[in-house]
Amino acid sequence: VFPHLLLVADELAKVTVIEHFRSCSPNAPGFACGVNDLIAGPGAKVTYVCAQEWANNVIALQMNSTVVDHDASAMSLNFHVGAKYSRFESLSRLIGEGGRSDLLAVAVAKEQQEFDARTLQDHVSPRTASDLLYKNALDDRARTIFGGLIRVEPHAHFTDAYQKVRNLLLSDDAEANSMPGLEILADNVRCTHGATSGQINEDELFYLRTRGIPTKVAQRLLDTGFLDEVIQRLDHPAIAEHLHRLIEEKFAK
C-alpha cells in the first residue's frame, strides 16, 4: 500500500488529523510506503497523529514533510507498535517568523522489531522554534535507531530549538542507537540536543512493590508512565486514551 496525505491549512485555520494504519491479518507479510505533506499557512494550527500497528511481517516506510509559515504551529505525533521493520523520516521547515514545530514520537518494540527514525528540523527564518521529543521502550532483542539534525540556516537568528531522545531498555539484549546533531549557521540562537538510554529505576520499582503492587504490574505502570509524557503533549484526552489502549495491548502480548 502507498497512502498519501496532503494537508493544506490556510490562514488562521485549525485542524487535527489522525491516521491509523493496521493489517487485516496479524501474520500477513506486506510492504507499506506512506507519505504525508503538512502545510501550515500564516497563523494556522495543525495537529497530526499517525499510529501504525502493522502486522509482524510488514516492512513499513513513512515520510513526513511539514512546512510552517509565519506565526503558525504544527505538531505531529508518530506512534509505532507494529511492523517487523519500520523507518520514519521527518522534515520540518520553518519558513516564516514566529513559526513553531513540535515533533513527537512513541515506539514500543518487542521481539526482533527494528524502528529507524531520521529527522531534520530546518530553521529558515529568524525567531522560529522547534521541539523534538522521541521516547522508545524496547524489550527482548528489539532495536531502535535515531538520527536527527537541527539546522539553523544563515540569517535565521534568534532560533530556539530542542531535541531530546530517551530510550527505556527492558531487556539486556535490547539495543538503542541515537545520533542527535546540530548545524548552526547563524548567531544569537539557543539550541540543545541530547539522548539517554537506561533501564527501569529500581527505587521506583521497589516503591511500588512495597505498596502491594505485583512486580509485573509495577513494571507496566513505569513503562506506560515513561511514554505518557509524549502523549500528554497533545493535550487531547480522547486521542490519549486511544494511544494508551494501544500501548497496553502491545505490552500485554
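User: Over the ring of which residue does the charged end of K135 sit?
Analyst: This is a predicted model, in which local features need pLDDT of at least 70, side-chain atom pairs count only at pLDDT 80 or more, and totals for chains, interfaces and linings use all residues. Residues are numbered from 1 along each chain as its sequence is written, and side-chain values use heavy atoms, with hydrogens and water left out. A charge sits over a ring if NZ of Lys or CZ of Arg is within 6 Å of the ring centre and within 35 degrees of the ring normal. The charged end of K135 is 4.5 Å from the centre of the ring in question, that of F226.

User: How many aromatic pairs does a search of the whole structure find?
Analyst: Rings of Phe, Tyr and Trp (its six-membered ring) pair if their centres lie within 6.5 Å; planes under 30 degrees apart count as stacked, over 60 as edge-to-face and the rest as tilted. One of the pairs is F2 with F31, which is edge-to-face, with 65° between the planes and 6.1 Å centre to centre. The search of the whole structure gives a total of 3.

User: Is F2 buried or exposed?
Analyst: Buried means under 20% relative accessible area, exposed over 50%, and partly exposed in between (1.4 Å probe, protein chains only). F31 has 42% relative accessibility and therefore counts as partly exposed. For F2 the relative accessibility is 63%, so this residue counts as exposed.
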